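Open the model in your viewer and keep the selection panel at hand. Each stop below says what to select and what is there.

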Amino acid sequence: MKSAFRNATHFTLSSYLLNPNPSILFLRLVPAISAFSSLPSSVSKNLPFRSPLTATLSSTSMASGDSNAMQTSPSLEQQFEKFRVQLEDSGSLRERIRAVVLEIELATGLMQASLLLVHQSKPIPEVLEKAKAQINVLKDLYNKLAEVVRECPGQYYRFHGDWRGETQMVVSLLAFMHWLETGTLLMHTEAEEMLGLNNSDFGLDVEDYLVGKSYDLLTSKKIQDMW
């Protein structure tokens with residue numbers, strides 16, 4: 001029964017393509033419609049049916065979907081453009097931070113080289129005088145670093161890893177100098193004051209201070225064993 005209806009429909013559509021006359025098409029469709037109406041109810045229920053209204057609504061929905069996609073496309077482009085600008089600004093800021101960190105590393109190396117003279121039985125005041133000359137240099141560099149980081153408020157720990165290791169080494173050397181001069185431990189507030197890092201938005205991280213102190217304790221223990 002299904003094949004008979006399919007053949008009748010195929011014949012009717014083929015005839016319409018050869019002779020596209022609406023009146024002839026209607027006359028040829030009458031047998032197909034009659035055959036479809038004579039199908040058992042169980043068969044006709046299983047056959048797919050799309051009314052002209054359903055087809056129209058489907059086409060309208062697809063058209064509106066394409067229209068929405070065209071409307072959201074500029075918005076997506078704006079979002080990606082904004083993200084690209086943020087990445088470029090972040091990369092530029094990181095490069096400036098690393099440039100300052102390289103200067104901090106250089107000043108730290110000079111301080112460390114001066115303190116190594118303590119192992120050669122040099123007078124401690126003479127050793128400290130050369131090392132202390134770098135403290136003001138480091139203070140200026142950390143102020144410069146703070147100005148760069150303040151350009152991106154609330155992002156301190158996002159870039160903190162770029163100067164964490166250098167800061168820990170600086171704290172270690174400052175604590176060692178403080179121990180050579182006073183025989184006492186360097187406090188966190190004292191280290192912040194020496195580096196000019198007593199501001200709330202850019203201060204000396206407690207973890208960096210503690211790690212630097214651990215380095216200093218190891219160095220001080222070695223010096224005591226030598227003496």
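Seven salt bridges are present in this predicted model. Start with Arg 94 and Asp 162. Their side chains meet in a salt bridge, 2.8 Å from N to O. The pair links distant parts of the chain: Arg 94 belongs to helix H4, while Asp 162 sits in the loop between helix H6 (156-159) and H7, 68 residues apart. Arg 94 counts as partly exposed, because its relative accessibility is 22%. Asp 162 has 15% and so counts as buried. The cut-off for buried is under 20%.

Arg 98 is in helix H4, and 64 residues separate it from Asp 162 in the loop between H6 and H7. At 46% relative accessibility, Arg 98 is partly exposed. Show the three residues together: Arg 94, Arg 98 and Asp 162 are linked in a network of salt bridges.

Next, select Lys 144 and Glu 103. Which parts of the chain does this pair tie together? The two form a salt bridge, and the closest N and O atoms are 3.5 Å apart. Lys 144 lies in helix H5 (residues 124-149) and Glu 103 in helix H4, so the bridge ties together parts 41 residues apart in sequence. Lys 144 is partly exposed, with a relative accessible area of 39%. Glu 103 is partly exposed as well, at 36% relative accessibility.

Stay on helix H4 (residues 52-115) and select Ser 90. Is Ser 90 buried or exposed? Its relative accessibility is 11%, so Ser 90 counts as buried. A polar contact of 2.8 Å joins the two side chains, Ser 90 to Arg 158. Leaving out residues up to four places away in sequence, Ser 90 touches Arg 158 and Phe 159.

Switch to the rings. A pair of aromatic rings is described by the distance of the centres and the angle of the planes. The structure holds five aromatic pairs. One of them is Tyr 156 with Trp 163, an edge-to-face pair. The centres are 5.5 Å apart and the planes stand at 70 degrees. Tyr 156 and Trp 163 are both buried.

Now select Phe 176 and Trp 179. How are these two rings arranged? Their planes are at 20 degrees and their centres 6.2 Å apart, so the pair is stacked. Both residues lie in helix H7 (residues 164-182), three residues apart, which is about one turn of the helix. Phe 176 and Trp 179 are buried.

Widen the view around Tyr 156. Tyr 156, Tyr 157, Trp 163 and Phe 202 form one aromatic cluster.

Last stop: helix H8, residues 188-195. Select His 188, Ala 191, Glu 192 and Leu 195; these are buried. Why do they share a side of H8? They cover an arc of only 100 degrees around the axis, which puts them on the same side of H8. An α-helix has 3.6 residues a turn, so residues three or four places apart point the same way. Turn the helix over. The face away from the buried side carries Thr 189 and Glu 193, which are exposed.

Note on methods. Residues numbered from 1 in each chain as written. Predicted model: local features only at pLDDT ≥ 70, side-chain atom pairs only at ≥ 80, totals over all residues. Heavy atoms only, no water. Buried < 20%, exposed > 50% of the residue type's maximum accessible area, 1.4 Å probe, protein only. Helix = DSSP H or I, 4+ residues; strand = E, 2+ residues; numbered from the N terminus. Arc of directions from axis to C-beta. Phe/Tyr/Trp six-rings, centres within 6.5 Å; stacked < 30°, edge-to-face > 60°. Polar contact = N/O pair within 3.5 Å; in protein donor to acceptor, adjacent residues only side chain to side chain. Contact = heavy atoms within 4.5 Å. Salt bridge = Lys/Arg side-chain N within 4 Å of Asp/Glu carboxyl O.
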